[in-house]
Protein chains: 2
Amino acid sequence: MSAEGDEAIQRLIALMARLPGLGPRSARRAVLQLVKKKGALLLPLAEAMREVAETARECVNCGNIATRDLCEICADPKRRTGQICVVEDVADLWAMERAQVFRGRYHVLGGTLSALDAVGPEELRIPRLVERVREEEASEIILALAATIDGQTTAHYIADQLPGTSVTSLAQGVPVGGELDYLDDGTITAALKARRAL
Amino acid sequence: MSAEGDEAIQRLIALMARLPGLGPRSARRAVLQLVKKKGALLLPLAEAMREVAETARECVNCGNIATRDLCEICADPKRRTGQICVVEDVADLWAMERAQVFRGRYHVLGGTLSALDAVGPEELRIPRLVERVREEEASEIILALAATIDGQTTAHYIADQLPGTSVTSLAQGVPVGGELDYLDDGTITAALKARRAL
């Protein structure tokens, strides 16, 4: 046997250690906490994970996490159509939603174009974005992409694919080299208000 | 709806945020990672949690985490009897085991005596320790408790309960005010070798 008890415990520690933000030591502490709080934490967590594993999927329209074919935002009639905010991933969509300033819909690319990682437009749900702009007769595409080289390359590529559509991008406040998920709500609000034509 | 998608996802984030080492932001990142790696991480994790929830219990002898009535250490005939190492909790037992220097058995108190938190000997599996010392004819009790005031109070209380038994305590290397779980193996080894009579 190893230092951390039996096989099931060890397996749980090894899996927990693969979560972002947890290393081997914090995974051990987390597992001890889970075992101590079996009824209040471990069982509900196992159940919540099973439920998410069974129901979570990608929204067929925008790529957001959904539990039905359409995510709650795409299915919400109160969300404005005609304005699509393009984000790199779901964490960025959540960051935008926390700012509570955008009332349109989203399009989750699933990454940015990257020559180094061989990520092309086909990998990124960009063709689907072009389709949506036509189908939904979108009047404005707001690019909420990171201020990195790959993010800006992606922004320009998308603008090129949408001639005749107004393409804006978050401007003021996004720190150079920064990630959208780490911004505070106020900065996101300022950036959305000061968006500029690309 | 809230910013982080549907109810099941929100519940999972809220539960994950209660783990030590994770806050709301890292819980969100962890959940996104889980949803992305459904087959490789989310499902195995849900299954491992369910298994641990079903099998994990306290060893009836020593208080360690076990999957049967006796933990693997108490059930192991190769572990020396007659030498009992007393630790505060299972994390400390794991830290001792990682140092691979102690070949006897353990007794997990489940805390330390604390007037402030109203923790008395009955809450701490100390009566069971006194029983074990008699039953197993233990020749030495090694106290591996934190070098805090509560830890040392507990050490002296235990020594008082066991007249005629050799009670030693980890000495060299345990930093004053430090926690056992945070020590490196070398320090634990040195402390075990330099243990002194209480």
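Keep in mind as you look around that the model is predicted.

Let's stay with the two helices that carry this pair. Two packed helices are described by the angle between their axes and the distance between the axes. Here, the axes of α3 (residues 38–55) of chain A and α1 (residues 7–16) of chain B come within 9 Å and cross at roughly 145 degrees. The crossing of α3(A) past α1(B) is left-handed.

Which residues of α3(A) and α1(B) meet? From α3(A) come Ala40(A), Leu41(A), Pro44(A), Leu45(A), Ala48(A), Met49(A), Glu51(A) and Val52(A), and they face Ala8(B), Ile9(B), Arg11(B), Leu12(B), Leu15(B) and Met16(B) of α1(B). Sorted by class, the residues of this helix contact are 12 nonpolar and two charged, with no polar ones.

Now step back to the whole interface. In it, 53 residues of chain A are in contact with 53 residues of chain B. The size of an interface is often given as the accessible area lost when the parts come together. For chains A and B the buried area is about 5,500 Å², with 71% of it on carbon and sulfur atoms. Two salt bridges run between the chains, and six residue pairs are in polar contact across the interface, counting pairs with both residues at pLDDT 80 or more.

Where on chain A does the touching side come from? Helices α1 (7–16), α2 (24–36), α3 and α4 (90–99) of chain A each supply at least two of its residues. The most comes from α3(A), which gives 14 residues. By class, the side of chain A that touches chain B has 33 nonpolar, four polar and 16 charged residues.

Finally, here is chain A as a whole. It has seven helices and seven strands, and along the sequence they follow the pattern α-α-α-β-β-β-α-β-α-β-α-β-α-β. Along its principal axes, the C-alpha trace of chain A spans about 65 × 35 × 35 Å. With that layout in view, you can trace your way back to α3(A), the helix that gives the most to the side touching chain B.

Methods:
Residues numbered from 1 in each chain as written. Chains lettered and ligands numbered in written order. Predicted model: local features only at pLDDT ≥ 70, side-chain atom pairs only at ≥ 80, totals over all residues. Heavy atoms only, no water. Axes fitted to C-alpha atoms, helices over the stretch in contact; angles between N-to-C directions. Helix = DSSP H or I, 4+ residues; strand = E, 2+ residues; numbered from the N terminus. Left-handed = near helix turned anticlockwise from the far one by under 90°. Contact = heavy atoms within 4.5 Å. Nonpolar A, V, L, I, M, F, W, Y, C, P; charged D, E, K, R; others polar. Buried area = accessible area lost by both parts, 1.4 Å probe. Salt bridge = Lys/Arg side-chain N within 4 Å of Asp/Glu carboxyl O. Polar contact = N/O pair within 3.5 Å; in protein donor to acceptor, adjacent residues only side chain to side chain.
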